[in-house]
Amino acid sequence: MLLEGFNSFLGLIYTAMLVLAVVALVMAAIAREDAYRAADKQKKSFWLIILGIAVVVNLWVPMLFVQLAGLVASIVFFVDVRPALKAVSGGGGGRRGGSSSDGPYGPYNGGR
């Protein structure tokens, strides 16, 4: 019974690593090539290859050490590369250049 719980927990971790790698791969594919150069990061093709290998390894290679290497690559992409790409592309924080009191139709003036 304890072993069944442990196996289901491992399955959940493997699934989470796969989802993280797939999301990182999609985000790397969506970003523009010139943003990688402007952010002074590796080329887009480099990240697509690394994250693609991470996805393939998580799907078909049951070696934990290699899967952990893919997890590290995904985490590095999310922690280092993606914020730099967003800063260069101007996609920061969900604001589009307005004030913090701006609503969807313009600035909020307090009901005046």
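# A tour of helices H3 and H4

Helix H3 passes helix H4 in a left-handed crossing. A crossing is called left-handed if the near helix is turned anticlockwise from the far one by less than a right angle, and right-handed if clockwise. The model is a predicted one, in which local features need pLDDT of at least 70 and side-chain atom pairs count only at pLDDT 80 or more, while totals for chains, interfaces and linings use all residues. Residues are numbered from 1 along each chain as its sequence is written, and side-chain values use heavy atoms, with hydrogens and water left out.

**The whole chain**

The chain holds 4 helices and 2 strands, arranged along the sequence as α-α-α-α-β-β. Helices (H or I, at least four residues) and strands (E, at least two) are DSSP runs, numbered from the N terminus. Of its 112 residues, 21% count as buried; buried means under 20% relative accessible area, exposed over 50%, and partly exposed in between, with a 1.4 Å probe and protein chains only. Among contacts in the chain with a separation of 6 or more, residues 24 or more positions apart account for 64%, a contact being heavy atoms within 4.5 Å.

**The crossing of H3 and H4**

Next, select residues 44-60, which make up H3, together with residues 64-89, which make up H4. Two packed helices are described by the angle between their axes and the distance between the axes. Here the axes come within 9 Å and cross at roughly 140°. Axes are lines fitted to C-alpha atoms, for helices over the stretch in contact, and angles run from 0 to 180 degrees between N-to-C directions. H3 and H4 are therefore oblique to each other, since angles under 35 degrees count as roughly parallel, over 145 as roughly antiparallel, 65 to 115 as roughly perpendicular and the rest as oblique.

Show the side chains where the two helices meet. On H3 these are Trp47, Ile50, Leu51, Ala54, Val57 and Asn58; on H4 they are Val66, Gln67, Gly70, Ala73, Ser74, Val76, Phe77 and Val81. The residues of this contact divide into 10 nonpolar, 4 polar and no charged. Ala, Val, Leu, Ile, Met, Phe, Trp, Tyr, Cys and Pro count as nonpolar, Asp, Glu, Lys and Arg as charged, and the others, Gly among them, as polar.

**Stops on H3**

Select Ala54, a residue of H3. Ala54 is buried at a relative accessible area of 4% and, not counting residues up to four places away in sequence, touches Ala21 and Gly70. A line drawn from its C-alpha atom to that of Gln67, 13 residues away along the chain, spans 6.9 Å.

Move to Asn58, also in H3. This residue is buried, with a relative accessible area of 11%. Leaving aside neighbours within four places in sequence, Asn58 is in contact with Met17, Leu18, Ala21 and Gln67.

**Stops on H4**

Leu71 belongs to H4 and is partly exposed at 22% relative accessible area. Its C-alpha atom lies 7.3 Å from that of Ala54, across 17 residues of sequence. Beyond neighbours within four places in sequence, Leu71 is in contact with Met17 and Leu20.

Ser74 is likewise found in H4, and is buried with a relative accessible area of 1%. Again leaving aside neighbours within four places in sequence, Ser74 is in contact with Leu20, Ala21, Ala24 and Leu51.

**The aromatic cluster**

Now select Phe46, Trp47, Phe77 and Phe78, which form one aromatic cluster. A pair of aromatic rings is described by the distance of the centres and the angle of the planes. Rings of Phe, Tyr and Trp (its six-membered ring) pair if their centres lie within 6.5 Å; planes under 30 degrees apart count as stacked, over 60 as edge-to-face and the rest as tilted. By this rule the count comes to 3 aromatic pairs. In one of them, the ring centres of Phe77 and Phe78 are 6.0 Å apart and the planes stand at 75°, so the pair is edge-to-face. Phe77 is buried at 0% relative accessibility, whereas Phe78 is partly exposed at 23%.

**Last stop: Ala84**

Finish at Ala84, which lies in H4. Ala84 is buried, with a relative accessible area of 18%. Apart from neighbours within four places in sequence, Ala84 is in contact with Ala39 and Lys41. The C-alpha atoms of Ala84 and Ala39 are 5.7 Å apart in space, although the two residues are 45 residues apart in sequence.
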